[in-house]
Structure formats: C-alpha cells, structure tokens
Amino acid sequence: MLFTPFFDFTYHSLLKPVLFMMDPEVVHEGFTKVGEGLERTPWLVAPFFRYSHPSLKKTVLGIEFDNPVGLSAGFDYDGHMAAVMHSVGFGFNTVGTVTARVYAGNAAPRLARLPKSHSLLVNKGFKSEGARAVRARLDKKNLSHSTIGLSVGSSNVPEVNTVTKAIADYVTTFKLFAKRKYVKYFELNISCPNTAVTGTFYAPENFARLCKAVSALKLFPPIFVKMPSEISFVDSDALVSTALKYNIRGFIFSNLVKDRNNPAFDRGEIEKVVGLRGNFSGRPVYANSNKLIAHTRKKFGKKIAIIGVGGVFTTADVRAKFAAGADLVQLITGMIFEGPQLIGKINKSLAGDAS
Ligand SMILES: Cc1cc2nc3c(=O)[nH]c(=O)nc-3n(C[C@H](O)[C@H](O)[C@H](O)COP(=O)(O)O)c2cc1C
C-alpha cells in the first residue's frame with residue numbers, strides 16, 4: 001500500500017470535487033469501465049491500495065477471509081469489477097444483487113448524493129443484466145484471489161407478483177450459481193426497499209417458505225440473509241429464528257433506510273430530494289445497523305455470524321461494528337465519499353490494533 005497520503009489528497013482535493021459535480025450514475029458507469037479495464041493489470045492497483053497482514057485473516061462460517069472489510073451489494077451489480085476489488089484491498093466483495101430476469105432499473109434518477117448527510121439516495125430497484133449474463137461474465141474472470149459473495153434477489157418485474165413466483169425466481173438464480181466454485185457465500189436479499197415486493201419476506205410464514213426452498217437446494221456455500229434496517233427487534237428475531245430452523249446462520253445488518261425523518265439527515269438536504277423516489281445509504285443507516293447487530297449478537301450468541309454494514313467511513317466506525325458484535329464489515333458509501341484508498345487505510349489501522 002503505497003502513497004496513501006497522495007491518494008487521499010488527490011481524491012479529496014482534485015477528483016471528488018469534479019466527480020461530485022457529475023451525474024452519479026455516469027460516474028459509477030465510468031468507474032465500472034475503468035475498474036474492469038484494470039483487471040488486466042492488477043499490478044497497477046494492488047501495490048497502491050491493498051494492505052495485507054496475517055493478523056487481518058478471519059474464518060467465518062468456514063470461509064477464510066483475507067481481511068474483514070468487504071464490498072457491500074449494490075456497487076458491482078453485474079460482476080464487471082469482481083476481480084479488481086481484491087486489488088483495491090477488500091477482503092471479500094459482493095456481486096449483485098443479481099436477479100434471474102433482466103431489469104433495466106426503476107425510472108431515473110436512480111442515484112443522488114447527500115454530502116452533508118454522508119448518504120446516497122438509491123432507487124435502482126434491482127437493476128440487473130440477469131443471472132445468466134452475470135454468470136457468463138464471472139465464468140470468464142480469474143477470481144482465484146477473490147472471495148466473492150453473490151447477492152440474490154427476486155426479479156423486480158411485473159410477472160413476479162406472488163410469493164410463490166418470487167420464491168421460484170430466487171431459486172432459479174441460486175441454481176444457476178450452485179456449482180460455481182468462485183461463489184464463496186450467498187446473500188439472500190429480502191430487504192431491498194426499492195422493489196414491488198418489498199416487505200413480502202418480513203412475514204415469517206413467507207420467509208419460512210423461502211428458506212425451505214433455498215435449503216432444499218443443499219447449497220455448499222453458506223448463506224447470509226440481508227436484513228432490513230427499519231425493523232423491530234421482535235420482528236428481526238422472528239426472521240433470525242426462522243432462518244436458523246433451516247440452518248441458515250449468517251445475517252447482514254443492514255440495508256438502506258426509508259425514513260426521511262432519520263436524525264442523521266441534514267434537514268436542508270433531505271428537503272431538496274423531496275420529489276425523488278428512493279432510499280438511503282451511509283450515515284443514516286449507521287445507528288440502526290449497530291443496534292440490530294448488538295441486539296442480535298446478545299440474543300443469539302455465537303451460533304450465528306454477522307456482517308455489519310451501514311455508515312462505515314472510518315476505522316472507528318469499523319471498531320464500533322465489531323464492538324457491537326459483527327464478525328466482518330462491508331461498505332459502499334464510505335468508499336465513494338472517502339476514496340478507494342480507504343479500504344487499505346482501515347485494514348492497516350486494524351492490523352495496528354492487533355500488533
Ligand atoms: C448505490 C447502492 C446500491 C445498492 N444496491 C443494493 C443491492 O442491490 N442489494 C443490497 O442488498 N443492498 C444494496 N445496497 C445497500 C448496501 O449494500 C448497504 O446495505 C447500504 O448502502 C449501507 O452501507 P453503506 O452505508 O456502506 O453504503 C445499495 C447501496 C447503494 C449505495
């Protein structure tokens with residue numbers, strides 16, 4: 001990991017001011033192209049960004065993670081950057097959320113920035129090239145160094161309009177990836193707040209049907225359920241208990257928040273996006289996520305594994321998630337606001353904690 005102060009300076013003083021003036025989806029598409037291009041030359045990325053240290057290694061649900069900082073679902077929807085994220089410094093990276101059917105995404109605008117609130121407004125609604133196209137792309141990549149998690153959702157299309165159809169849709173994607181060795185774990189995403197079926201699987205009876213169908217597939221990689229942010233402890237516990245009955249022991253707390261009265265928002269900023277549909281990442285997720293992690297760890301103890309996500313911008317934020325009970329963390333918004341050198345910086349300070 002070389003020249004971090006230089007990358008910090010360049011990102012904050014030169015790159016970010018320009019990027020943050022541009023349309024966020026255009027910037028993301030640009031990053032995706034550059035990132036995918038750089039996969040051919042990892043030696044141009046890893047020495048500058050990746051920080052490795054034996055003390056950072058961690059085994060969770062039988063998977064060995066090089067370091068505990070992962071890329072959360074929603075940055076690499078279609079797997080274009082699946083290989084380069086290891087060079088950027090992540091210990092694991094999520095591809096997806098992937099759905100069985102192709103979906104162009106909700107009506108634009110699908111992204112907006114709220115810099116004072118350290119948040120992004122997201123309205124993608126499972127934009128996806130479809131599981132078959134993503135699988136064909138991943139099959140061609142060299143993922144030998146990567147620890148890939150595949151986030152699976154049900155297609156956000158009008159035809160998938162009942163619980164039975166949604167379950168069948170999830171199962172299609174799981175089956176397509178079941179034998180792919182590069183998938184080290186799955187994320188079962190039941191908590192996207194931007195789709196037509198949002199909330200369907202918060203009802204324990206529906207969630208039990210989904211878990212039953214997924215566990216019948218006897219998948220080798222472990223499954224982590226991506227949990228909602230705005231859920232009571234009682235309702236969250238019911239979902240965790242249901243998953244455990246089907247031997248699903250991983251949980252990710254948590255997904256985007258809807259509540260525009262969340263105290264983490266700068267009021268002026270939230271009023272500016274009043275006409276825009278979508279839900280929020282970053283700082284407004286932080287407190288909900290930490291509370292759910294702490295509660296769930298206390299209630300279910302060591303029989304479950306927890307990935308903490310939401311509002312990680314600094315090493316202190318990571319430590320807070322670990323203190324609450326997370327085994328691993330993920331982030332997206334922190335990388336967009338602080339730059340890709342953030343991952344190596346966090347890992348370096350975590351390694352300092354251990355020595
Ligand atoms: C642009 C964007 C797209 C997202 N898309 C997904 C998604 O497809 N599936 C999912 O489970 N979470 C999705 N999320 C939620 C993130 O995975 C994460 O739970 C949330 O943003 C909190 O983390 P952060 O504060 O580090 O961004 C998305 C977030 C962002 C910012």
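Helices here are DSSP runs of H or I with at least four residues, strands are runs of E with at least two, and both are numbered from the N terminus. Keep that in mind for what follows.

First, the ground rules. This is a predicted model, where local features need pLDDT of at least 70, side-chain atom pairs count only at pLDDT 80 or more, and totals for chains, interfaces and linings use all residues. Residues are numbered from 1 along each chain as its sequence is written.

Now the ligand. 25 residues surround the ligand (C-beta atom, placed from the backbone, within 6 Å). The closest are Ser 72, Gly 74, Thr 97, Ser 281 and Thr 333. Strand β6 (119–122) and helix α12 (333–338) each supply at least two residues of that shell.

Next, the barrel. It is closed, with 8 strands: β3-β4-β7-β8-β9-β10-β12-β13. The pairing is parallel, and a pair needs at least two DSSP bridges. Neighbouring strands are turned by 30° against each other on average, direction ignored, using lines fitted to C-alpha atoms.

Take one pair. β10 (residues 250–253) and β12 (residues 305–309) pair in the parallel sense over 4 bridges. Phe 253 has Gly 308 in β12 as its bridge partner.

Last, helix α11, residues 315–324. Its buried residues (20 or more other C-beta atoms within 10 Å of their own, placed from the backbone) are Val 318, Ala 320, Lys 321 and Ala 324. They sit on the same side of α11, because they cover an arc of only 160° around the axis, taken from the directions from the helix axis to the C-beta atoms. Just after α11, Gly 325 takes a positive phi of about 130°.

Conventions
A residue is buried if 20 or more other C-beta atoms lie within 10 Å of its own, exposed if 12 or fewer, and partly exposed in between; C-beta atoms are placed from the backbone. Axes are lines fitted to C-alpha atoms, for helices over the stretch in contact, and angles run from 0 to 180 degrees between N-to-C directions.
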